[in-house]
Amino acid sequence: MTQPADAPLIRVEKVTKKYGPRTVLSGVSFDVGPHEIVSVVGPSGCGKTTLLRCVAGLTEPSGGTVSIGGQTVTKPPEGVGVVFQHFGLFPWKTVSGNVAYGLTVRGTPRAAVTARVRDLIAMVGLEGFERSYPHQLSGGMQQRAGLARALAIEPRVLVMDEPFASLDAQTRDLLQLEMLRILDQRPAATLFVTHSIDEAVLMGDRIVVLTGHPGSVHDVVDVGIPRPRGREAADSDRFRIVRDYLWTVVMKGQGNDNSPGKPSEGTAD
């Protein structure tokens, strides 16, 4: 079945996840468009990473469904790239070997692998480190290699679990902007899990707010800041409005009489 061009690529419908007697997610529903970045925020323990694992096919929901391109996800699907917080690089492989891994597993011809790896290493700024091993790289460089590996398969879906959380502030700021640049060049339906409110607003077109134990969708917020974006986006009035609303919902609890109202939809002036 062929989907309309403007149909959501990722669809999460009433997803519940239980581990034994403990319910982690309850009735979670939202979608992600083909070229959209959707951030997911919420307090610790509300099931953000579990949700990402369901979307990536790494764990099955206990109830509800996740579908990608109209196909129900029951195992890791083709065309889904995953970027983890702790890089997930193979320590015995060089940068080139790590980036090439997914292509090699697919049986891509060697000449095509070599050309693709060269282009991706240049794109993420790791030229000159092709033969380096992960232990010889800084944290930021390891994360760049992990990103290049995820992009090597030309994913139509990209799921990212706190990809910049373990980096120093300067490197994190730099890679946020690099990620936005890359996704403008090579769009993918992207689900971006983060604990950082500012990062969620900077990266996302929309933001899914999870709250509670078990986690459920409290709100879906339209960021309303046009792309492409640079660091100046964080100085806009719209950025501050969305950030302040999210901060109140996530960090101070729901129903606070002093909470700012939900930002209206639409783009910033």
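Tutor: A residue is buried under 20% relative accessible area, exposed over 50%, and partly exposed in between, with a 1.4 Å probe and protein chains only. Lysine 14 is exposed, with a relative accessible area of 63%. This is a predicted model, in which local features need pLDDT of at least 70, side-chain atom pairs count only at pLDDT 80 or more, and totals for chains, interfaces and linings use all residues. Residues are numbered from 1 along each chain as its sequence is written, and side-chain values use heavy atoms, with hydrogens and water left out.

Student: Where is lysine 14 placed, and what is its phi near?

Tutor: Most residues other than glycine have a negative phi, and most peptide bonds are trans. Lysine 14 lies in strand S1 (residues 10-19), and its phi is positive, near 50°. Helices (H or I, at least four residues) and strands (E, at least two) are DSSP runs, numbered from the N terminus. Glutamate 154 also has a positive phi, of about 50°; it is found in the loop between H4 and S7 and counts as exposed at 58% relative accessibility.

Student: Which peptide bonds are cis?

Tutor: One joins histidine 213 and proline 214, with omega about 10°; proline 214 is in the loop between strand S9 (206-211) and S10. Another runs from arginine 227 to proline 228, with omega near 5°.

Student: What is the strand order of the open sheet of 6 strands?

Tutor: Strands of a sheet pair through backbone hydrogen bonds, either parallel or antiparallel. Two strands pair if DSSP finds at least two bridges between them. Here the order is S6-S7-S8-S3-S9-S10, with mixed pairing. Strand S6 (80-83) and strand S10 (216-222) are at the edges, each with a single partner strand, so one side of each has no neighbour in the sheet. S6 and strand S7 (residues 157-161) run parallel and are joined by 4 bridges; valine 82 has valine 159 as its bridge partner in S7.

Student: Which strands does helix H4 touch?

Tutor: Contact means heavy atoms within 4.5 Å. Angles run from 0 to 180 degrees between N-to-C directions, with axes as lines fitted to C-alpha atoms, for helices over the stretch in contact. Helix H4 (residues 139-152) packs on the sheet and touches S6 and S7, its direction making about 170° with that of S6.

Student: Is arginine 116 buried or exposed?

Tutor: Arginine 116, in helix H3 (residues 110-123), counts as buried at 13% relative accessibility. Leaving aside neighbours within four places in sequence, its contacts include Leu103, Glu154 and Arg186.
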